[in-house]
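Hello,

Here is the structure I promised to pass on. My notes follow below it.

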Amino acid sequence: MNKKLVAALSGGAALVLALTGCGGGGDDDKKVNDWAKSVCDEVQPQLKKIQGANTAIQGAADEQDSKKLQQTDSKAFQEISESYGALAKAVNKAGPPPVDSGDKTQKQAVKELNATSGSYTKLKSAIDKLDTSDKSKFAQGLAGVADELDKLSKSGDQALRKLQEGKVGSAMAKQPGCQKPKTAGGATTQS
């Protein structure tokens, strides 16, 4: 019943991983590294929460009890929403990255992170409204939520990618806080 949601969530992992430091190389510009550290120190706990919520949804993929499935998904969407909100605050608090157009890049990333947070709040609300007493209606509603999640996972994460270009991306990639958290069981998501 929850498999479509899990598949959509796997696609959504790309959005999360957009924050896990991309690029390599090494520019030792202290200002850029200091900025990256200030953001990345806040990123890691949020990435772990998002990953944990995704794992909870995936773990409930075969759940037959509609009420339990609804509760698991609702809680996970709430945690993901809060995490994206915290990421927006971290990027906002760090200020503009010390690069050309840093102010614009920061504002776009904050706007996008807040929008993603709001989208997950809407998904939580949609899950909470589903009728769990009728398995057929619940499955249909769940499919609709999965479709919205799929759209969210495919929607633009351009601002996040822009945030990680050039010197800033190289600096973020070096920060442990911006590196993809290790999963407990070494599980990977398939897309």
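The protein chain has seven helices and zero strands. Along the sequence the pattern reads α-α-α-α-α-α-α. Please keep in mind that this is a predicted model.

Overall figures first. The protein chain has 191 residues, and 45% of them count as buried. Now the contacts with a separation of 6 or more. Residues 24 or more positions apart account for 85% of them in the protein chain.

Helix 2 covers residues 30–59, and helix 3 covers residues 66–94. Their axes come within 9 Å of each other. The crossing angle is roughly 175°. Angles over 145 degrees count as roughly antiparallel, so helix 2 and helix 3 are roughly antiparallel to each other. What is the make-up by class of the contact of helix 2 with helix 3? There are 16 nonpolar, five polar and six charged residues in that contact.

Last, one residue to look at. Lys124 sits in helix 4, which spans residues 102–129. Leaving aside residues up to four places away in sequence, Lys124 touches Ser74, Phe77 and Gln78. With Ser74 there is also a polar contact: the side chains of Lys124 and Ser74 are joined at 3.2 Å.

Best wishes

Notes
Residues are numbered from 1 along each chain as its sequence is written. This is a predicted model: local features need pLDDT of at least 70, side-chain atom pairs count only at pLDDT 80 or more; totals for chains, interfaces and linings use all residues. Side-chain values use heavy atoms; hydrogens and water are left out. Axes are lines fitted to C-alpha atoms, for helices over the stretch in contact, and angles run from 0 to 180 degrees between N-to-C directions. Helices (H or I, at least four residues) and strands (E, at least two) are DSSP runs, numbered from the N terminus. Angles under 35 degrees count as roughly parallel, over 145 as roughly antiparallel, 65 to 115 as roughly perpendicular and the rest as oblique. Ala, Val, Leu, Ile, Met, Phe, Trp, Tyr, Cys and Pro count as nonpolar, Asp, Glu, Lys and Arg as charged, and the others, Gly among them, as polar. Buried means under 20% relative accessible area, exposed over 50%, partly exposed in between (1.4 Å probe, protein chains only). Contact means heavy atoms within 4.5 Å. A polar contact is a pair of N or O atoms within 3.5 Å; within protein, one must be able to donate a hydrogen and the other to accept it, and residues adjacent in sequence count only if both atoms are side-chain atoms.
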